[in-house]
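Here is a short report on one protein model. Look at the sequence and the structure first, then read on.

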Amino acid sequence: MRPLSVYSKYAYYLKRFGTTSKLQNMLLNRYELSKRKTTLKSRPFKITIDPGNFCNLRCPGCHTGIKHPEMITPSFLGLSDYQTIFNQFRSHALSVALYNWGEPFLNKQIFDMIAYTSENRVGSTIHSNFNLFNERMAEDAVKSGLTHIYLSIDGSTQEAYARYRVKGELDKVLKNLEILLETKKRMGSKYPLVTWKFLQFDHNIHETEMAADRAKAMGVDAFESFKAYPKLMDIYEEAADYRKDPSKFDLNGKVCSGLWSGIYVNSDGSVLPCSLAYRQNESFGNLLHESLDAVWNNAKYRGARQMFSADFDASEVPLPCKACKYFVNRQCVRPI
């Protein structure tokens with residue numbers, strides 16, 4: 001069950017950032033998904049724009065942390081390039097996720113990006129390991145209009161926390177959290193909503209309840225815990241696991257709806273179709289050199305979407321979708 005703060009966030013998005021045209025786009029998008037349309041009139045409304053694929057930690061489950069040799073070349077997104085990308089979404093986006101494969105607070109212009117997003121009546125969300133933060137940044141977070149921040153804190157002791165958040169310091173993170181909460185109170189702001197996100201592994205699952213109690217005592221808006229993998233989440237390995245035991249995944253009748261509703265934009269402008277994609281050869285286009293209209297219905301997107309239609313043609317499916325468990329599933333069943 002989702003915490004009330006999540007619904008509060010969505011209600012805030014709809015109340016402050018919702019327009020008739022945005023809602024119409026969302027409804028059209030859902031209709032086109034239900035009909036398995038491959039060429040879309042609607043535009044994505046779940047937007048992720050990565051401010052930079054650099055990180056100060058070395059988490060083993062992240063390709064940035066392990067410095068994967070096939071990852072997209074590390075870079076920071078500048079404000080003007082962010083505006084170029086964002087402006088293509090602002091008429092239909094309720095919110096933008098300003099994170100993906102890096103630590104957002106490493107980008108010195110992150111609050112300028114958030115402020116620009118807020119000024120254009122779109123919400124914003126960030127995920128952070130929160131090892132890099134201070135009082136000035138807390139004030140900027142409130143002033144910029146940041147809607148929601150997820151803090152990745154996977155432990156109640158330094159020993160358990162640092163097993164996954166390699167090079168992270170739990171005491172520093174908790175101090176930074178106090179700073180943010182105190183700053184919100186001092187400035188009389190409900191936002192950004194703060195969620196403590198706890199990834200569960202064998203080495204820290206016993207500390208989940210302790211962390212939840214601490215989060216409640218500190219006054220965060222929500223605590224969420226998830227079972228996670230201690231190594232890199234890779235689309236190829238996931239497909240291999242599906243081949244070994246399809247019953248673990250239950251894909252029958254399911255669709256990768258993100259190919260209709262979501263889009264992931266890297267700091268270099270390149271577009272990815274999926275949160276598990278990160279290789280240089282998996283890009284579907286580049287929004288610093290092409291328009292969203294050109295990319296959204298290009299041959300790669302159409303080829304990926306037709307994977308869920310009656311006209312399934314394996315030869316037209318691009319990477320990374322061709323390496324996905326959904327692709328493996330379609331090869332094993334009759335066309336819809």
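## The cavity

How do the residues of the lining of the largest cavity divide into nonpolar, polar and charged? Five are nonpolar, three are polar and one is charged. Keep in mind that this is a predicted model.

A search of the whole structure finds one cavity of 30 Å³ or more. The volume of the largest cavity is about 50 Å³. Its lining is made by D50, N53, H63, I72, W101, N266, L272, A277 and Y278.

## The sheet

Nine strands form an open sheet. Their order is β6-β5-β4-β3-β2-β1-β7-β8-β9, and the pairing is mixed. Strands β6 (222-227) and β9 (285-286) are the edges, and each pairs on one side only.

Two pairs of neighbours show how the strands are joined. Strand β1 (residues 46-49) runs parallel to strand β7 (residues 262-265), and four bridges join them. In this pair, I47 stands opposite I263 of β7. Strand β2 (residues 95-97) also pairs with β3 in the parallel sense, over three bridges. Here S95 stands opposite G123 of β3.

## A buried strand

Why is strand β3 (residues 123-128) described as largely enclosed by the rest of the structure? Six of its six residues are buried, so the strand is largely enclosed. Buried means under 20% relative accessible area.

In a regular strand the side chains alternate between the two faces of the sheet. In β3, G123, T125 and H127 point one way. S124, I126 and S128 point the other way. Residues on both sides of β3 are buried.

## Helices on the sheet

Helix α8 (residues 170-186) lies across β4 (148-152) and β5 (193-200). The helix runs at about 160° to β5. Helix α9 (residues 208-218) packs on the sheet too, where it touches β5 and β6. The direction of α9 makes about 170° with that of β5.

## The second largest pocket

How much space lies in the second largest pocket? The volume is about 350 Å³. This pocket is lined by 14 residues, and the closest to its centre are Y229, E237, E238, D241 and F249.

Which helix gives the largest share of the lining of this pocket? Helix α10 (residues 235-244) does, with four residues. By type, the lining of the second largest pocket divides into five nonpolar residues, no polar ones and nine charged ones.

Definitions and conventions: Residues numbered from 1 in each chain as written. Predicted model: local features only at pLDDT ≥ 70, side-chain atom pairs only at ≥ 80, totals over all residues. Heavy atoms only, no water. 1 Å grid on protein atoms, 1.4 Å probe; cavity = no way out; pocket = protein on both sides within 12 Å on 5 of 7 lines; lining within 4 Å. Points joined across faces, edges and corners; volume = space filled by probe spheres on them. Nonpolar A, V, L, I, M, F, W, Y, C, P; charged D, E, K, R; others polar. Pairing = 2+ DSSP bridges. Contact = heavy atoms within 4.5 Å. Axes fitted to C-alpha atoms, helices over the stretch in contact; angles between N-to-C directions. Buried < 20%, exposed > 50% of the residue type's maximum accessible area, 1.4 Å probe, protein only.
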